[in-house]
Amino acid sequence: MTTFLPFSKPTIDEATIADVGDVLRSGWITSGPKVAEFEKRLSAYFGGRPVRTFNSGTCTMEIALRIAGIGAGDEVITTPISWPATANVILEVGATPVFADIDPVTRNMDLDKLEAAITPKTRAIIPVYLAGKPLDMDRLYAIAGKYKLRVIEDAAQAIGSTWRGKPIGSFGDFVSFSFQANKNITTSEGGCLVLNNAEEVALAEKYRLQGVTRGNWDEIDVDVLGGKYNMTDIAAVIGLHQLDKLDAITAHRRKLAKHYFDVLGPDFERQTGAQLPPAEFEETNWHLFQVVLPDTITRPQFMERMKALDIGVGFHYAPIHLFTLYRERGFHEGMFPAAEQVGRQIVSLPMFYAMTEADVERTCAAMKAVLARGA
Ligand SMILES: *Cc1c(COP(=O)(O)O)cnc(C)c1O
């Protein structure tokens, strides 16, 4: 009997649990000193850029769009292969989502398709770094500069990833991260937004808490329509411990990814028809280890047979443009063929900090057996 191996699992140590207890006993359990400390530490990590924390990654993108003044009549270009949040925030602010198909190799937005999708109404781009893999950041920002577009990076999966040696988030325009439980570092739920200047920070703080600004004692005003998006100190203290481990987490994930390639061997793709991710161990944080299955097996069949062998398999993601909400806005099959193919057959194999190389070996053996059998 083997034990079930999930595809993802957070690692929370006893020191974290003790410090959460201290916050709960302190009498200050909402946003307070731990949030301030977490923001300071994140800012140091992102090269001194201003950072504010929130209660999700999703709301950071919505708030960035609002700070950029994007709304009705504006088009925002993103990828169809992401969590629904990435496109939903565009609808949330009243703007129009436009999709650019993916590059089937990186599974990220194809920058040629991005450039082709730009119209006079385009105001912003929301790129996604699927599995933590950055785009060609030089080209992305060259396109943004050429057409004067804002960039809201959906770096939900990319904390710890780098571009030319610099951490994602330490350069660029708005950069959004998620600390949801499955992400490389977590606060249980939460997120942060890297901003450009003091003016944006002031707006972010207002959008985070009902648009309120305060002065002395009883001075209070509301001049923008904000919401309720603040992080708690309970979450922030978890994040502080996780941030301490970020480099170790990233190094371990890269080691596990390398081990997947070594164990699967150089002939795996040719023998099975499956497609592995690009074998790159310097820049991506290996948030996910994703395989595109051959057409000889369906994804539900694969998931079921792996589960029977005690291996958990996730899938990230179904193409957003084929959800009902988006079909109702005119999107349909055939519009983004690469995203539709990858979206149908992509699976995420186990990949998390507490996982061992033996777990990788078990997963590879199971996958080879399942693919050899076929549908
Ligand atoms: C997790 C995730 C989000 C949403 O983050 P939440 O913190 O769950 O709101 C958005 N985009 C991508 C690509 C993600 O992986």
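Modeller: Begin with the terms. A lining residue has an atom within 4 Å of a point of the pocket, and helices and strands are DSSP runs numbered from the N terminus. Keep in mind that this is a predicted model.

Colleague: How is empty space found at all?

Modeller: Rolling a probe the size of a water molecule over the atoms shows where empty space is left. Here the largest pocket holds about 510 Å³ of space.

Colleague: Which residues lie nearest the centre of the largest pocket?

Modeller: Its lining has 30 residues, and Trp83, Gln157, Gln180, Lys183 and Tyr317 are the ones nearest the centre. Two or more lining residues come from each of helix H3 (57–67), helix H4 (85–92) and strand E8 (174–178). H3 has the largest share, 3 residues.

Colleague: Which domains supply the lining of the largest pocket?

Modeller: Domain 1 (14–244) and domain 2 (246–373) each give at least three residues to it. By class, the lining of the largest pocket has 13 nonpolar, 14 polar and 3 charged residues.

Colleague: What about the second largest pocket, and which element gives the most to its lining?

Modeller: The second largest pocket has about 370 Å³ of space. It is lined by 13 residues, with Glu205, Arg208, Leu209, Val212 and Asn230 nearest its centre. Helix H7 (198–208) and strand E10 (212–214) supply at least two lining residues each, and H7 gives the most, with 4 residues.

Colleague: How many residues of that lining are charged?

Modeller: The lining of the second largest pocket has 4 charged residues, along with 5 nonpolar and 4 polar ones.

Definitions and conventions: Residues are numbered from 1 along each chain as its sequence is written. This is a predicted model: local features need pLDDT of at least 70, side-chain atom pairs count only at pLDDT 80 or more; totals for chains, interfaces and linings use all residues. Side-chain values use heavy atoms; hydrogens and water are left out. On a 1 Å grid over the protein atoms alone, a cavity is a set of points where a 1.4 Å probe fits but cannot get out, and a pocket is an open set with protein on both sides within 12 Å along at least five of seven lines; lining residues have an atom within 4 Å of a point. Grid points are joined across faces, edges and corners, and a volume is the space filled by probe spheres set on the points. Ala, Val, Leu, Ile, Met, Phe, Trp, Tyr, Cys and Pro count as nonpolar, Asp, Glu, Lys and Arg as charged, and the others, Gly among them, as polar. Domain bounds come from an automatic or database domain assignment.
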